[in-house]
Amino acid sequence: MYVQHATHPAEMAGLTTAALRERFVVPDLFTPGEIRLSMTHHDRLVIGGAVPAGGSLTLPTPDPLRAGYFCERRELAVICLDGSGTVTVDDTGYELVAGDVLYVGMGSRDVRLAGTAAYYLVSAPAHRPDPTRLARRDEVEALHLGTQAESNVRTIRKYVHAGGVASNQLVVGITTLAEGSVWNTMPCHVHDRRTEIYLYFGLGEDDRVVHLCGEPDNTRSLIMADRQAVVSPPWSVHSGAGTRAYSFVWAMAGENVDYSDVEVVPTRDLR
Ligand SMILES: O=C[C@H](O)[C@@H](O)CC(=O)C(=O)O
């Protein structure tokens, strides 16, 4: 498991592009036949990619967790990015298709991922078992935001949050931009009580998203390719514009599971 340490905002100004990427970007989680994991010390979020490629993969227990099994003190969300497959938690199998999210509660011992799917994994520390539940794409709450004039028409599906699938800390959703729209999360925001990770997907090989990070009055940019993740510490904005429409999984953990607990940054105040 790759490990990224926490960053103080004052360090941002001195980081080269390569150092910035090393601290915040997770570039290569998805490889056929493998499960790859990465942990950030910001709220101890673990993310991963699992590509069973028609076979079956068992979620390992990385040594830095010092746990008997992955979910011993953790909760997990399994997001099906494309394809389909079965995720088996202990003795129960759940059928996932693209856009479905399986929440796996703390205490679940065995997680196996199978099928043609590419699964994205997000996990946070937990202290209490919430029930394992499948949230289907077409059954969750969907927000329709943005305008064509502002190039940010998008649908925000909320899966794991205060009004949806219950969790200890995790808040998880998927945002999909309409064709012709390129901006996500603009006007942007920060939320001091939670770390957030974006996983961009649905981009072509030559497409990129220019992702903004850093404190609102001191931003930096990261160029993101398909299926790359970027960690946003609680003090950082997280917003981007793509060379075309795309989707992204957003996942948070921290002090609360209140999706609306954010400080909006007026666009004119960005620097
Ligand atoms: O804290 C919330 C997250 O940044 C996203 O839900 C925002 C988002 O998907 C968007 O506005 O496009």
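Predicted model: local features only at pLDDT ≥ 70, side-chain atom pairs only at ≥ 80, totals over all residues.
## A pairing to start with

## A strand with two partners

Now look at strand S15 (residues 171–177). Six of its seven residues are buried, so S15 is largely enclosed by the rest of the structure.

Six bridges link S15 to strand S14 (residues 154–160), running antiparallel. Another pairing, also antiparallel and with six bridges, joins S15 to strand S23 (residues 247–254). You can follow both through Val-172: it stands opposite Val-160, and it also stands opposite Ala-251 in S23.

## The nonpolar core

In soluble globular proteins, nonpolar side chains tend to be buried together. Here, the largest nonpolar core has 77 residues. Which of them touch the most other members? They are Ala-77, Val-78, Val-101, Tyr-119, Val-122, Ile-197 and Ala-251.

Take Ile-197 as an example. Skipping its neighbours within four places in sequence, Ile-197 is in contact with residues including Leu-45, Ile-47, Val-122 and Ala-251. Val-230 and Val-231 are also among its contacts.

## The annotated spot

The unreviewed UniProt entry gives a "binding site" annotation to His-189, His-191, Glu-196 and His-238. These residues span 50 residues in sequence, but no two of their C-alpha atoms are more than 11.3 Å apart, so they gather at one spot.

Is Glu-196 buried or exposed? It counts as buried because it has 25 C-beta neighbours inside 10 Å, and the cut-off for buried is 20 or more. You'll find Glu-196 in strand S18 (residues 194–201). Leaving out neighbours within four places in sequence, its contacts are Ser-232, His-238, Trp-250, Ala-251 and Met-252.

His-238 is in a loop, between strand S21 (229–232) and strand S22 (239–242). It is buried too, with 26 other C-beta atoms within 10 Å. With neighbours within four places in sequence set aside, His-238 is in contact with Thr-185, Glu-196, Tyr-198, Cys-213 and Ser-232. Notice that Ser-232 turns up in the contacts of Glu-196 and of His-238.

Key:
Residues numbered from 1 in each chain as written. Core = buried A, V, L, I, M, F, W, Y, C linked by C-beta atoms within 7 Å. Buried ≥ 20, exposed ≤ 12 C-beta atoms within 10 Å, placed from the backbone. Contact = placed C-beta atoms within 7 Å. UniProt positions renumbered as here; feature names shortened; annotations may be inferred. Helix = DSSP H or I, 4+ residues; strand = E, 2+ residues; numbered from the N terminus. Pairing = 2+ DSSP bridges.
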